[in-house]
Amino acid sequence: MTLKIINAALMIMAIFMGLKQGWAMLSGKSEMIAMFSKWNIGKTGLMVIGAATMLSALLIIFPKTFIWGNFLMAAGILMIICLHLLDRDLKGMAIELPFLLLNLIIIYLQHPLKESLL
């Protein structure tokens, strides 16, 4: 039971961060534009990435789309990590790494409202 509570808290944190960062990308916040422009990703590309991030956060909520949402969010984070590594920006990569691990931990623990097979 406590494992489900911990997993629910981790899920809420991942959903909140996904919606927050997705909205920052979708609305074109200056910090996001500055970060993605160094990788030649324009405002339209940033909006698409932001919409995908927000969609993945919403997919995590429901048990049937839980895995797809986590995979989509992890893929987006992995893309940003790879772009940081292309620039040899280890600090930027290190900042993104806990968020990738968060998604992988949530996948391992599974959805807290999923019915057990027993």
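This is a predicted model: local features need pLDDT of at least 70, side-chain atom pairs count only at pLDDT 80 or more; totals for chains, interfaces and linings use all residues.
Colleague: Let's start with α1 and α3: are they roughly parallel or roughly antiparallel to each other?

Modeller: The angle between α1 and α3 is about 160°, and their axes lie 7 Å apart. Angles over 145 degrees count as roughly antiparallel. So the name for this pair is roughly antiparallel.

Colleague: How many charged residues does the contact of α1 with α3 have?

Modeller: On the α1 side you will find M11, I15 and W23 among the residues that meet α3. On the α3 side, L46, M47 and I49 are included. By class, this contact of α1 with α3 has 15 nonpolar residues and four polar ones, and the number of charged residues is none: no charged residues.

Colleague: Which residues in α4 meet α3?

Modeller: From α3, the residues to look for are I49, A52, T53, S56, A57, L59 and I60. By class, the contact of α3 with α4 has nine nonpolar, four polar and no charged residues. The α4 residues are F66, G69, N70, L72, M73 and M79.

Colleague: And how are α4 and α5 arranged, roughly parallel or roughly antiparallel?

Modeller: The axes of α4 and α5 come within 9 Å and cross at roughly 165°. The crossing of these two is left-handed. With over 145 degrees as the cut-off, α4 and α5 are therefore roughly antiparallel.

Colleague: How many nonpolar residues does the contact of α4 with α5 have?

Modeller: The contact includes F66, I67 and F71 of α4, together with L90, M93 and F99 of α5. By class, the contact of α4 with α5 has four polar residues and one charged residue, and the nonpolar count is 17.

Colleague: Now the largest pocket: which helix gives the most to its lining?

Modeller: The largest pocket has a volume of about 480 Å³. Its lining draws at least two residues from each of α1, α2, α3, α4 and α5. The helix that gives the most, with eight residues, is α4.

Colleague: Which residues are the closest to the centre of that pocket?

Modeller: In total, 27 residues line the largest pocket. By class, the lining has 17 nonpolar, eight polar and two charged residues. The closest to the centre are Q21, M25, I77, I80 and E96.

Technical notes. Residues are numbered from 1 along each chain as its sequence is written. Side-chain values use heavy atoms; hydrogens and water are left out. Contact means heavy atoms within 4.5 Å. Helices (H or I, at least four residues) and strands (E, at least two) are DSSP runs, numbered from the N terminus. Ala, Val, Leu, Ile, Met, Phe, Trp, Tyr, Cys and Pro count as nonpolar, Asp, Glu, Lys and Arg as charged, and the others, Gly among them, as polar. On a 1 Å grid over the protein atoms alone, a cavity is a set of points where a 1.4 Å probe fits but cannot get out, and a pocket is an open set with protein on both sides within 12 Å along at least five of seven lines; lining residues have an atom within 4 Å of a point. Grid points are joined across faces, edges and corners, and a volume is the space filled by probe spheres set on the points. Axes are lines fitted to C-alpha atoms, for helices over the stretch in contact, and angles run from 0 to 180 degrees between N-to-C directions. Angles under 35 degrees count as roughly parallel, over 145 as roughly antiparallel, 65 to 115 as roughly perpendicular and the rest as oblique. A crossing is left-handed if the near helix is turned anticlockwise from the far one by less than a right angle, and right-handed if clockwise.
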